[in-house]
Amino acid sequence: MTHPRLRLNAVCIDCADAEELAAFYARLFGWRVVAGGGNWIQVGDPDGGVELNIQAEKWYEPPVWPERIGALTKMLHFEVETDDVTGAVAHALASGAREAVPQPSDRDPDKLRVMLDPAGHPFCLWSR
């Protein structure tokens, strides 16, 4: 069976403030704004790859952390590999992230940290 060519080109993130969140991810990854403005902004790596579409929605509510049954929880999160978790945490904080509280008790904090972006979406900074 054949099918049309499919290529994942972007992930769309909902938030309350697209400009704030796009600026955060541009700072965090060293990316740039490649399209849009106002309520929809696309940021991407100048070297190519999957881009992030940041979309402001009036109805947006951030997920809760830590997750609880019956509460609004994350639907997905980014896994960001680094060679220096402590340095990556410092960079993420300087870029506008918050460290999630609590952290997973079964993980080495020198190998994995859960962070929250300015809109409350969790992402993991991790190292092998």
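**Ground rules**

The model is predicted, so I kept to local features with pLDDT of at least 70 and side-chain atom pairs at pLDDT 80 or more, while totals for chains, interfaces and linings use all residues. Numbering starts from 1 along each chain as its sequence is written, and side-chain values use heavy atoms, with hydrogens and water left out.

**Entry: Gln55**

I looked up where Gln55 sits, and found it in strand β4 (residues 51-56); strands are DSSP runs of E, at least two residues, numbered from the N terminus. (Buried is under 20% relative accessible area, exposed is over 50%, and partly exposed is in between, with a 1.4 Å probe and protein chains only.)

Next I checked contacts, meaning heavy atoms within 4.5 Å. Leaving aside neighbours within four places in sequence, Gln55 touches Cys12, Ile13, Asp14, Cys15, Asn39 and Trp40. I also noted that Lys74 is 19 residues from Gln55 in sequence and 16 Å away in space, C-alpha to C-alpha.

**Entry: the largest pocket**

I found about 400 Å³ of space in the largest pocket. (A volume is the space filled by probe spheres set on grid points, which are joined across faces, edges and corners. A pocket is an open set of points on a 1 Å grid over the protein atoms alone, where a 1.4 Å probe fits, with protein on both sides within 12 Å along at least five of seven lines; lining residues have an atom within 4 Å of a point.)

Which residues lie nearest the centre of the largest pocket? I got Ile13, Asp14, Tyr60, Met75 and His121, out of 19 lining residues. Strand β1 (residues 10-15) gives the largest share of the lining, four residues.

**Entry: salt bridges**

How many salt bridges does a search of the whole structure find? I got three. (A salt bridge is a side-chain nitrogen of Lys or Arg within 4 Å of a carboxyl oxygen of Asp or Glu.)

- Glu67 pairs with Lys74, with the closest N and O atoms 2.7 Å apart.
- Arg128 pairs with Glu81 at 2.9 Å between the closest N and O atoms. Arg128 is in the segment after β8 (122-126) and Glu81 in strand β5 (residues 78-81), so this pair ties together parts 47 residues apart in sequence.
- Glu99 pairs with Arg113, the closest N and O atoms being 3.3 Å apart. I noted Arg113 as buried, at 14% relative accessible area.
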